[in-house]
Amino acid sequence: MNYTFIALVENKPGVLNRVASLFRRRNFNIESLAVGRTDNPDVSRMTIVVSCPNGDVDAHRIEANLYKLVNVIDVQDVTHQPSVTRDLALIKVKVAPDRRAEVNGLAEIFRARIVDVAPDSVIVEITGTEDKIEGMMELLRPIGIVEMVRTGQVAMTRGVNDGVRRMPGMSDRHYEEVPVAAMVP
Amino acid sequence: MKLKGAEIVWECLMREGVEVVFGYPGGANMPIYDAMLNYPVHHVLVRHEQGGAHMADGYARVSGKVGVAMATSGPGATNLVTGIATAMMDSVPVVFITGQVAAHLIGGDAFQETDVTGITLPITKHNYLVTRADQIAETICEAFYIARSGRPGPVLVDICKNAQVESCEFVYPEEVKLPGYQPVTRSPRSLLDEAVALIEKAKKPVILCGHGVLMSKAEEELMQFAVKTQTPVTSTLLGLGAFPASHPLSLGMMGMHGEAYANNAIQNSDLILAFGMRFDDRVTGTLKTYAPKAKKIHIEIDPSEVHKNVFVDVPLVGDVKTVVSDLIPLVDEYDHDEWLEEINNWKNEADSRSIMNWEDDGKLYVAHLIGDIWKATGGGAIVTTDVGQHQMWTAQYYQLDKPNRWITSGGAGTMGFGLPSAIGAWFAAKDQEIWAIAGDGGFQMTAAELTTAVQEGANVKIAIMNNNFLGMVRQWQEFFFEKRYSAVNMLTPDFVKLAEAHGVPARLVTKREEVGEAIAWARKTRGPVVLEFRVEQEDAVYPMVPAGSALHEMIRRPVKQAA
Ligand SMILES: Cc1ncc(C[n+]2csc(CCOP(=O)(O)OP(=O)(O)O)c2C)c(N)n1
Ligand SMILES: [Mg+2]
């Protein structure tokens, strides 16, 4: 199953490479990875979606190994936490002027926006969960998708809830003791 | 004070207390070598950068300080790679400083440009690319801090040529700012209490002592804990020396070539106390049947090692010395006489098979030779090894009572490690006797460093155990490939002449009766000496747990009738 981690890292050259290499080196498959600056210019935030065939055991390993990177400041696993996750997609659809209304209609239903109109195509911008984006794609496909791009998922927990932190003492934030029994496959 | 980047490098090394560096110059680090002339540092010109890396490694392991090795860009840096990986696998603090092409040339495939930080990313604890002079001081300060703190390891600093020649204001940082790097040293009381509850209940406990005990200088605490709780101690290959081999509670080495009684103790124990070790596959055998009856307490500074190979009941993340000191007052005195008695019976059974009890049959066995060197040196020498059968026999029979004198490549198993690490060790302990035990195969991998030993007057005694085979691979082919020998039969040079060509006095030993005298001669001859022993070609290291077997499924040395 896919797990979602939020990692705060130092905003320095090469840090993305270190994180990506770690997943390759430890033989994990990244489903999506989104990085951007935070309100603190020295800190970047990554949302990493990774496939974890061994569930929490893998999640523990990933967290522990992320902390081995000197530039990683904090890691939380938000997989099972109430959180808001968003993906943004730009989808270019080949559409003749007389069928534009159809695309418009679909966009409205999905709360998407038409952000560019050319003589024979439009670009649709859609934000939402993965499911919602896939749903929209499904309906646009018969009309004709020319190209599309997605940012990858970003995530934030709701309210004051934090994700799970399994590593005691690794960051100054609260961590949860995860009993071994719960992890043993 | 304005200084050139190259000078700043040395200013930093001086402040870190560096006395010796092992290196090799080239285009991209020439400014550093030029600046070196004005600093009171001893530079050892090695013959191959791999040798330099192993020397810095051996120096670090013996001195407990951070070792330093240098190389130029491109091929110089790539030659370091094996040495860096070796230090990484064994958690040895070494700072590697490499030259890089000028920053504006990076990415353009300039002459001798190699992406060294890219190559070494997975084999360093951390690495840096420095493109400006004003980054050097902070970077080197961080590099030393990261290398020696937490779980130690190699750190590489790649310095662009322009940064070496540009000038800037020099200030050495008073402290490092690393928000993402905070090694945990202490375990919470709640977990200590859980551990104590397991210790109280245990009837058959055993301590697994790893390299972490030596790294954290916790030998004294280990002794107190073991004696107070009457818990026997077995060591990993790298943990040897942390607990005296002659102590009644010592079980020697565990694992693939460990003592049968140590492995049996683990398989039968009801509580495992892992002190600074990482349950490597070479010590556990197959995990499915590993220590099936035991609860497990794991004291380990690196949280990523906890639950990695073996699920443990109580993880105590922290520095071994601190955590064990915290534990000692919480535990009562116990005796485990029945358990120790059970182990003693296994010990006696092992004795009946020991090659050490064989009568002299005129042949040279490595085990006997190691025993002879042990006797001659009173067991007190610093011993380095290469990798292979001779390494395992040395681990088994050079029984150590003191720490930090056993230098071997464990995690990486790097052939060619023996001679250069001995030279490095000598720089850390010039007043001590140093022996490098090498195989005929591995010795040839870094034999060029003999000249380095001569140039430096390194007082190291080199024993080449020549079985004319890549012995350990031959043993596997004998055991697991129906004796189909493939690419293990090796023509060796005349090692005596080879040594003499380098200016090293040398002797060939082919008979038992020559052994004692040869060892005595080597010991009293100043400077490097080579002894070549023509040993029994097809002896095997016992016991052996075949890879993937259970730890108690050992191939044992057949009992030999007394001659
Ligand atoms: C650099 C390197 N290459 C290959 C190996 C695989 N290997 C392990 S032991 C061994 C044989 C070593 O032979 P020798 O040095 O003669 O020692 P012996 O086992 O005979 O004592 C080999 C080839 C290795 N460990 N390191
Ligand atoms: Mg050999």
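**Stop 1: where the chains meet**

Select the contact between the two chains: 23 residues come from chain B and 27 residues from chain A. What you have open is a predicted model. Chain B and chain A bury about 2,000 Å² between them. Carbon and sulfur atoms account for 62% of that area. Now pick B:Leu121, B:Gly180 and B:Phe311. These residues supply 25% of the area that chain B buries against chain A, more than any other three residues.

**Stop 2: the charged pair**

Which residue forms a salt bridge with A:Lys68? Show the side chain of B:Asp302. The closest N and O atoms of A:Lys68 and B:Asp302 are 2.7 Å apart. The interface of chain B and chain A has 1 salt bridge. There are also 4 residue pairs in polar contact across this interface, both residues at pLDDT 80 or more. Colour the chain B side by class: 12 residues are nonpolar, 6 polar and 5 charged.

**Stop 3: the domains of chain B**

Colour chain B by its domain assignment: domain 1 is 2-169, domain 2 is 189-346 and domain 3 is 366-534. Keep domain 1 and domain 3 in view. Their centres, taken over C-alpha atoms, are 29 Å apart.

**Stop 4: domain 1 against domain 3**

Select the contact within chain B: 24 residues of domain 1 touch 27 residues of domain 3. The buried area here is about 1,800 Å², with 66% from carbon and sulfur atoms. How many salt bridges are counted between domain 1 and domain 3 of chain B? The count is 0. Polar contacts are found, though: 8 residue pairs, both at pLDDT 80 or more.

Look at the domain 1 side. Elements giving two or more residues to it are β2 (20-23), β3 (42-45), α3 (49-63) and α4 (75-89) of chain B. Select α3(B), which gives the most, with 10 residues. By class, the domain 1 side has 10 nonpolar, 10 polar and 4 charged residues.

**Stop 5: a sheet in chain B**

Switch to cartoon view. Find the open sheet of 6 strands in chain B, ordered β16-β15-β17-β18-β20-β19. Its pairing is parallel. At the edges sit β16 (406-407) and β19 (506-509) of chain B, each pairing on one side only.

Now zoom in on β18 (residues 460-466) and β20 (residues 529-534) of chain B. These strands run parallel and are joined by 6 bridges. Strands of a sheet pair through backbone hydrogen bonds, so show the backbone atoms here. Finish on B:Ala463: its bridge partner in β20(B) is B:Leu531.

Note on methods
Residues numbered from 1 in each chain as written. Chains lettered and ligands numbered in written order. Predicted model: local features only at pLDDT ≥ 70, side-chain atom pairs only at ≥ 80, totals over all residues. Heavy atoms only, no water. Contact = heavy atoms within 4.5 Å. Buried area = accessible area lost by both parts, 1.4 Å probe. Salt bridge = Lys/Arg side-chain N within 4 Å of Asp/Glu carboxyl O. Polar contact = N/O pair within 3.5 Å; in protein donor to acceptor, adjacent residues only side chain to side chain. Nonpolar A, V, L, I, M, F, W, Y, C, P; charged D, E, K, R; others polar. Pairing = 2+ DSSP bridges. Helix = DSSP H or I, 4+ residues; strand = E, 2+ residues; numbered from the N terminus. Domains from an automatic or database assignment.
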